[in-house]
Amino acid sequence: METGTLLRKIHMDCPLCGKTHEVEERKRVTSIVLKGEEVTYEERFYFCANAKEDENEFETGSMTNENLLNARNKKFLKIS
């Protein structure tokens with residue numbers, strides 16, 4: 001099932017299905033546990049419509065870094 005809000009479509013080599021096609025860049029609100037505390041934050045990810053339903057999302061390294069930074073900043077703002 002597709003989740004999140006569509007931001008844009010981008011033509012790229014998809015690491016999930018191995019084809020070059022349009023994948024969707026999406027965002028959603030999710031949560032993670034950081035240092036024992038649950039933090040809700042916004043994350044970005046790519047969605048491949050060609051891949052299996054339970055394996056249809058992926059992130060680039062820079063997206064992962066940005067998502068973790070968003071979570072960390074939310075935790076910091078929550079404490080302040």
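**View A. Tyr46 stands opposite Phe58 in strand 4.** In this predicted model, strand 3, which spans residues 37–47, pairs with strand 4 in the antiparallel sense over two bridges.

**View B. Four strands form an open sheet in the order 1-2-3-4.** The pairing within this sheet is antiparallel. Strand 1 (5–13) and strand 4 (57–58) are the edge strands, each pairing on one side only. In general, strands of a sheet pair through backbone hydrogen bonds.

**View C. Glu25 forms a salt bridge with Arg8.** The closest N and O atoms of this pair are 2.5 Å apart. Glu25 is buried, because its relative accessible area of 4% falls under 20%. Arg8, by contrast, is partly exposed, at 43%.

**View D. Glu25 also meets Arg44 in a salt bridge.** The N to O distance is 2.0 Å. Here strand 2 is linked with strand 3, where Arg44 lies, 19 residues away from Glu25. Arg44 counts as partly exposed, with a relative accessibility of 22%.

**View E. The side chains of Glu57 and Arg28 meet in a salt bridge.** Their N to O distance is 2.7 Å. Because Glu57 lies in strand 4 and Arg28 in strand 2, the pair ties together parts that are 29 residues apart in sequence. Both residues are partly exposed: Glu57 has a relative accessibility of 29%, and Arg28 has one of 21%.

Terms used. Residues numbered from 1 in each chain as written. Predicted model: local features only at pLDDT ≥ 70, side-chain atom pairs only at ≥ 80, totals over all residues. Heavy atoms only, no water. Pairing = 2+ DSSP bridges. Salt bridge = Lys/Arg side-chain N within 4 Å of Asp/Glu carboxyl O. Buried < 20%, exposed > 50% of the residue type's maximum accessible area, 1.4 Å probe, protein only.
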